[in-house]
Amino acid sequence: MSKTKLGKNNILLIEDEESIRSFISTTLKNQNYKITTASDGSSGLHLAASLCPDIILLDLGLPDMDGMEVIKKIREWTAVPIIVISARSNEHEKARALDSGADDYITKPFSTVELLARIRTSLRHSSQMHDLTSTSQKPYHHGNLTINFDDHVVMLDGTNIHLTQIEYKLLTLLAKSSGKVLTYTFIMEKIWGPYTDNNNQILRVNMANIRRKIEKNPATPEHVFTEIGIGYRMAEGD
Ligand code: CA
């Protein structure tokens, strides 16, 4: 947490709905973030280029262009974290936004706590991206689970647990992006390569096996959560 300096982060909000714009602006100003707003896609893109914000909050339903287009245009030149604000309960749309390069999403109506948590997670990930100089990676800890990436060791309540190679790859992929949702498509490509079909069955089977090994009660997981219709999100490390 110490790496993300609160109060120094510039946030760009692209949202056409006045009430949501002012709610988010007020919330973030109170947390000492510096916020700039745009009410349509083209002025949002302009501001993104001129301000170089630390994070972009983007509504998908904009009056002048599709939010998906905004994501693609921004991704042509910067890896700045983009959190999609979506009124749509359409899981397919959220997954498409993530696969187009958004980092996370938040569904309206959302709470202040949820919004701030998503922002912190995205800022933490982007600061880790800038810190690729060190070859060893900090272990992941959450509750009774520890993953030591350097030694390839997964421990539960202090005891080594055995994972297959695929299970280990899958769990570490999620742990390295902990707090962020990873889509089925993204995970399939990372683990099984770009030419796998769209059948998620192999992924679900492996996830069920992992849960049997690391969760006290696989039906109510504490470590890896299912985002129905979208993918998986691993609990943010302690
Ligand atoms: Ca809108």
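Trainee: How many residues does helix α6 have, and what span is expected for it at 1.5 Å a residue?

Mentor: Keep in mind that this is a predicted model. Helix α6 runs over residues 165-176, so twelve residues, and the expected span is 1.5 Å times one less than that number. That comes to 16 Å, and α6 reaches 16 Å from its first C-alpha to its last, close to what is expected.

Trainee: Which residues of α6 are called buried?

Mentor: Among them are E167, Y168, L170 and L171. T172, L173, L174 and A175 are buried too. The word applies because each has under 20% relative accessible area.

Trainee: What makes H152 count as exposed?

Mentor: The cut-off for exposed is over 50%, and H152 has a relative accessible area of 57%, so H152 is exposed. H152 sits in the loop between β7 (145-148) and β8 (153-156).

Trainee: What is the phi of H152?

Mentor: Phi of H152 is near 60°, a positive value in a residue other than glycine. Most residues other than glycine have a negative phi. D157 also has a positive phi, about 50°, and is not a glycine. D157 lies in the loop between β8 and β9 (159-160), and its relative accessible area of 57% makes D157 exposed.

Trainee: Is the peptide bond from K108 to P109 cis or trans?

Mentor: That bond is cis, with omega near -5°. Most peptide bonds are trans. You'll find P109 in the loop between β5 (104-107) and α5 (112-129).

Key. Residues numbered from 1 in each chain as written. Predicted model: local features only at pLDDT ≥ 70, side-chain atom pairs only at ≥ 80, totals over all residues. Heavy atoms only, no water. Helix = DSSP H or I, 4+ residues; strand = E, 2+ residues; numbered from the N terminus. Buried < 20%, exposed > 50% of the residue type's maximum accessible area, 1.4 Å probe, protein only.
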